[in-house]
Amino acid sequence: MLDDLRVIDLSNHVSGSYTSKLLASLGAHVIKVEKPSIGDRSRNIGPFLFKSMYKESSLLFRYLNTGKNSITLDIHTISGQKIFQDLISIADIVIDDTNNELLESHVKVSNPSMILCSISDFGKSGPYSEFKGGDLINQGLSGLLQTMGLPSKEPLKVGGNAGEYAVGISMFSGIVISLFSRDSSSLGNNLVETSGIQTLALAQIHNSINSQFRGQDNIRRESSLLKAKNGWVSMGLAIGSRDDTWQNFCQILEMPELINDERFLSMELRRKNESELNQILKEWVLNQDKEEIYHKLQNISTIAGYVAEPEDLLQSNQLLEREYFNNQEGMLYPGIPFVIDDLRPTLDKAPLLGENNIDIYCNLLGYKLSDVLLLHQSGVV
Amino acid sequence: MSNLFDSLRILDLTQVAAGPYTTMLIGYFGAEVIKIESSSRMDINRGPVKPSPATHTVYPNNSPGTTPWNIAAHHIQRNVNKLCITLDLSNKEGKEQIYELIKISDVFIENFRASVVDRLGLDYESVKKINPSIVYAKISSQGNTGKEKNYGSLGSTLEQTGGLASVTGYLNEKPLLTNETFPDPMVGLFSVGIILSALRRRQMYGKGCFIDMSQRELTVNLIGEHILESQSDVKTPKLLGNSHKIYAPQGVYKCKGDDDWITISIGNDNEWSILCNIMNKTNLIDKNEYKSTFDRYKHQKEIDEIITDWTSSRSKYKLMTLLQQANISAGVVAKGREVIDDPQLNSLQFWDNVNHPNAGKYKQVTTPWVFSNFTRNNTSPAHNLGEDNQKIFQNILGLDNNKYNYLLNNNVIGGDPL
């Protein structure tokens, strides 16, 4: 769908790399431009494949950069900048998540119809534009953090790098929107920006609603997850179930006396009296397998869940049946999260640092091999 | 003003959060979004017809009023920029009307449990027969195939089944949910890009398509590196609280004031010495145990206590300014009201001032982007249930008064909730 597009990816963080991965999954040709000998920052961030940490073993990098080419270029040298302008002149999109100030002027000179994408923590203008952020800081300022975690403890962030993936998703959709503007006019100056604070403020839903309409800020609450034999589950009985769900559930529990218990007759009541209900269910749940509970309860029209660990996901029948995972050199990678006309796109494995130098510089940009070798000796490439 | 998608018509059968977010966002750039509900089964975000005191639905000033389904806060927050019609899709004559709408639409989007559209005769094959070039987006919990395709979920379920909860929790404690149904807005935001990419291809080649989006699969994408790590020889703890893999200390620290907190993240040795200076603890700068990031990571717990000692008697906003002036990553943990009043979000025009005819004034979430050569539209407040019936069925589909009234009287086109 985007296979007519060439993307220059200057990103150094999870967000920008995920953006270009998503563009690649729709067919865009992505060239990742990395610092000579150092490479993308995530090449040095774990998790790693081997105990002895070396550049090419970052699993974070490998996951984020499937389907891309890698070249090395020092864009802070004069000859590097000239090459960079050649590169820009044949591309449609540049992604930057490092706040590179030179970029705008380069783009204006070399390719006015280029879509220039800027990912930052707080945006390019406004009172925080010079502030220093990061995933945790962005989650705090966006209102996401305050209500997460337990009431007796400090607020807790969404785990892993999920907050940064969110910003990557935001940039991806922003780029596709701006393609319509570029395709329908030749206005130039196609700048699209997204930021951590905006994206995560969109992701906090309940906090700002409650604050405005109920007149009170949300507070952290106790976890509603119940402990099963081998992990954690939620019963999903308080919303989105059918009229006969409760009765069927009591039969599974072998507790028919609960069917007409006034505390649990409706979804609203089950939500209101959730802690009492959980108290009753606790023992039953503790003796069951988490995934069995999940399937049993889903089959009577609840929205039950179980906390899937990565190992569980790799064995999920549903994910396997849909061929979600992509096997690369004996490792299962989470695949592209959509299927179009029954086809799930797959992406090639992530490139080694500078793997495509010769191909891009010589074959695409027309440099002589000897020139590239000279640039290599001087550290530009 | 944006007229990017002026000629785009979207039939929106989505409910709750993920799908409504998608159409809300595209709606900010001029698309005509027609939200279809039935009077017997409204979007469950509209809440109950007769709310009991136990209801968890949020209403302005806690007052449901006479038509609570038109002012339920979660509903009006994510159904801006849409027309609202009501149609009984299980009825033969209702189906005839939606088929007419399909003929003149570009996108069909739904997020029912997977088999619901089969039952309604609104699956992709049926819809494609009526409009071969339509872009059909199906957003479901588990995708359109597989034995679990009819399983249902909300965002809180997906955090569990998609593995996000397995990496969310305090250091070495138990998995926790976000309390913010995090996967829902992610799916909503992501679907914008996929649907518009499909439309772009249609503009180029005239070809529609069937997009099968599994919300669980997108959620698993957000923990990709953990999935790989679980297959490697090296396994590190998944529950890291607020700490960071390569920055230390990093955490959330108590400030003066009720439930007031600040985030601080120290990226390198230089920043550590700056922080020590600001805290007036210069003796810590050269302390061997805290020398490198790795050392500070190892002793993060004691360091956290030292920092808390300093922050707990100070105001979070003052601390943020102080630390940011010294080029240290730090920020307040904003409460609901503070996010709405946040100067940065307001300067980026993230919040729109909306005056909803029934629900009153409030600040509306808009889009996470700034574009240089066009802007999003102003928010068009959420419509009442069936508010646009006449416009769509009479002005656009051209039903005469007799037919329109007949369908209305037979509850095919709905009035108030049944």
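Chain B comes out with a mean pLDDT of 95, and 100% of its residues reach 70 or more; pLDDT is the predictor's confidence in each residue, from 0 to 100. For the complex, the predictor gives an ipTM of 0.97 and a pTM of 0.97. This is a predicted model, where local features need pLDDT of at least 70, side-chain atom pairs count only at pLDDT 80 or more, and totals for chains, interfaces and linings use all residues. Residues are numbered from 1 along each chain as its sequence is written, while chains are lettered from A and ligands numbered from 1 in the order in which they are written.

**Chain B overall**
- Chain B has 17 helices and 12 strands; these are DSSP runs numbered from the N terminus, with helices (H or I) of at least four residues and strands (E) of at least two.
- Its C-alpha atoms fill a box of roughly 85 × 50 × 50 Å along the principal axes.
- Of the 418 residues in chain B, 56% are buried. Buried means 20 or more other C-beta atoms within 10 Å of the residue's own, exposed means 12 or fewer, and partly exposed is in between, with C-beta atoms placed from the backbone.

**A pair of strands in chain B**
- Strand E2 (residues 32-37) and strand E3 of chain B pair in the parallel sense over four bridges; to count as a pair, two strands need at least two DSSP bridges between them.
- B:Ile36 has B:Ile85 as its bridge partner in E3(B).
- Going from E2(B) to E3(B), the chain passes through helix H2 (residues 73-78), and this β-α-β crossover is right-handed: with the strands pointing away from the viewer, the path from the first strand over the helix to the second runs clockwise.
- In E3(B) (residues 83-86), B:Leu83 and B:Ile85 point one way, B:Cys84 and B:Thr86 point the other way, and all are buried.

- Most residues other than glycine have a negative phi, and most peptide bonds are trans.
- B:Asn62 isn't a glycine, yet has a positive phi of about 60°; this residue sits in the loop between E2 and H2 of chain B.
- B:Asn62 is exposed because it has 10 other C-beta atoms within 10 Å.
- The peptide bond from B:Ala248 to B:Pro249 is cis, with omega near -5°.
- Over in chain A, the bond from A:Gly46 to A:Pro47 is cis too, with omega near 5°.

**A helix in chain A**
- Eight of the eight residues of helix H7 (residues 196-203) of chain A are buried, so the helix is largely enclosed by the rest of the structure.
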